[in-house]
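Welcome to a short tour of one protein.

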Amino acid sequence: MSTFSFMKDSKEDADFRLAVRDWLEENLPEELLGWVTRPPPELMRSWHKKLYEKGWIAPNWPREFGGMEATLSQQLIMLEEFGRAGAPITSRQALGHIGPILMQYGTAEQKAQHLPKMLTGEIFWCQGYSEPNAGSDLASLRTRADLDGDHFVVNGQKIWTTWGHHAQWMFALVRTDQDAPRKQAGISMILIDLATEGITIRPIRTIADDDEFAEVFFDNVRVPEKNIVGNVNDGWRLAKALLDHERIGNASPQFAIDSLEMLKKLARATGAMDDPVFKEKLIRVELDVLAQSAVVAHSVALVKADQKIGSGSSFIKLLGTNTAQTIGDLMLDAAGPNGAELDAFETPEGPVEASAYFRESRRNSIYGGSSEIQRSVIAKNVLGLP
Ligand SMILES: Cc1cc2nc3c(=O)[nH]c(=O)nc-3n(C[C@H](O)[C@H](O)[C@H](O)COP(=O)(O)OP(=O)(O)OC[C@H]3O[C@@H](n4cnc5c(N)ncnc54)[C@H](O)[C@@H]3O)c2cc1C
């Protein structure tokens, strides 16, 4: 069986790989293939449900919370096979970001209310971190939450909220102490039901011709006090822990493997594959994807062993970003003079949206903390530079 992995499968893993491959062949709907931007919510919802019913929606979640608790090699096999088949990545905001934080810091009530619906896909979540004047300097956020009886009253604005207009709940960072000596010390993490009165959500259309984001406005929004995650004014610690999960998730090799397959299809069709200079670049990026898989697998192993990844998540995110952007650049090389065309290239192996891959890959160096910020984190915390 052909594999794309830095690990050699044991007999058991080879059987599992085959089972995943067969299942995907039978169950991955045609209309979900070939999307470079996120497929529409209704398609994603039914795909999420299918994976849930199969028991594969949360490979890394413990069984205690309804996850698959897959072994490390099984998790990697799933990423590889899902990437190879061109399966879309299911929403990370719930299963990858806030879910693990609630498992660790949430109350029993929060876990019981939210975790099961993240698994079934009944509820979509979004992330309310960024504000118009608080992106890289996130701790400057100004959306405030003031206690009034047993509710916080939230006022302010979030922006670049991925799928904010399709989500039902948001995990948000809000300022709960206006006078804290350090700006990080006055921040809390809170769970907000987006159906609450006083919330306005406006989608934002991107250069990729996709309404990926929204801006979200809060006007005297009353949120129960019990929706605070962890302790009041201790949100910065949780926010950073969540960003570690986010940065590792962003470097998942699934999309890179999918993109690589598309790049090869395009290069075979346009003849770029016969150019030795292009081919060398292709082989280099293929090795980068393998390295990315190995590093992500290592970090998953560390998380499983309850070890801290810390600034390692910045390195992993940078690696994933560089790979995605190199593949995006090579898409344009392979496409030749018509590379900037918005329409898909028709190849004997199916359509390839070359310029969409290029445009999409530009986002990677911004979200989850820009590449400049990741380099600064590494410079300070790993290299000890001033
Ligand atoms: C596709 C995508 C999805 C996103 N989804 C979400 C989401 O769901 N929820 C959410 O809250 N946010 C989301 N964001 C927002 C994202 O987190 C911010 O865009 C990011 O943190 C950068 O902030 P900013 O846009 O305000 O840019 P700025 O912080 O203004 O940065 C502008 C430029 O200056 C550079 N810069 C800034 N400060 C420094 C510094 N100290 N040293 C060196 N260079 C610096 C940056 O690297 C960048 O190049 C998303 C962004 C994208 C692109």
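## Helices α7 and α8

Let's begin where two helices touch. From α7, the residues Pro253, Ala256, Ile257, Leu260 and Ala267 meet Phe278, Leu282, Glu286, Val289, Gln292, Ser293 and Val296 of α8. Being in contact here means that the C-beta atoms of two residues, placed from the backbone, lie within 7 Å. Helices (H or I, at least four residues) and strands (E, at least two) are DSSP runs, numbered from the N terminus. Sorted by class, this contact of α7 with α8 holds nine nonpolar, two polar and one charged residues. In that sorting, Ala, Val, Leu, Ile, Met, Phe, Trp, Tyr, Cys and Pro count as nonpolar, Asp, Glu, Lys and Arg as charged, and the others, Gly among them, as polar.

Before going on, please note that this is a predicted model, in which local features need pLDDT of at least 70 and side-chain atom pairs count only at pLDDT 80 or more, while totals for chains, interfaces and linings use all residues. Residues are numbered from 1 along each chain, as its sequence is written.

How do α7 and α8 pack? Helix α7 (residues 253-270) and α8 make an angle of about 165°, with axes 10 Å apart. That angle makes α7 roughly antiparallel to α8. Axes are lines fitted to C-alpha atoms, for helices over the stretch in contact, and angles run from 0 to 180 degrees between N-to-C directions. Angles under 35 degrees count as roughly parallel, over 145 as roughly antiparallel, 65 to 115 as roughly perpendicular and the rest as oblique.

## Helix α9 and its partners

Helix α8 (residues 276-304) also packs with helix α9 (residues 312-335), at an angle of about 155° and with the axes 10 Å apart. This makes α8 roughly antiparallel to α9. By class, their contact has 11 nonpolar, six polar and three charged residues.

Helix α9 meets α11 as well: their axes come within 9 Å and cross at roughly 140°. Here Ser314, Phe315, Lys317, Leu318 and Thr321 of α9 meet Ser371, Gln374, Val377 and Ile378 of α11. This contact of α9 with α11 has four nonpolar, four polar and one charged residues.

## Three domains

The domain assignment gives domain 1 (11-90), domain 2 (124-235) and domain 3 (251-382). Such bounds come from an automatic or database domain assignment. The C-alpha centres of domain 1 and domain 3 lie 20 Å apart, and 14 residues of domain 1 are in contact with 18 residues of domain 3. On the domain 1 side, the touching residues are six nonpolar, six polar and two charged.

## Around the ligand

Which residues are closest to the ligand? Of the 18 residues that surround the ligand, the closest are Tyr129, Gly135, Ser136, Thr162 and Ser370. A residue is near a molecule or strand if its C-beta atom, placed from the backbone, lies within 6 Å of it.

The shell around the ligand draws at least three residues from each of domain 2 and domain 3. Strand β1 (125-128) and helix α11 (371-382) each supply at least two residues of the shell. By class, the shell divides into six nonpolar, 10 polar and two charged residues.
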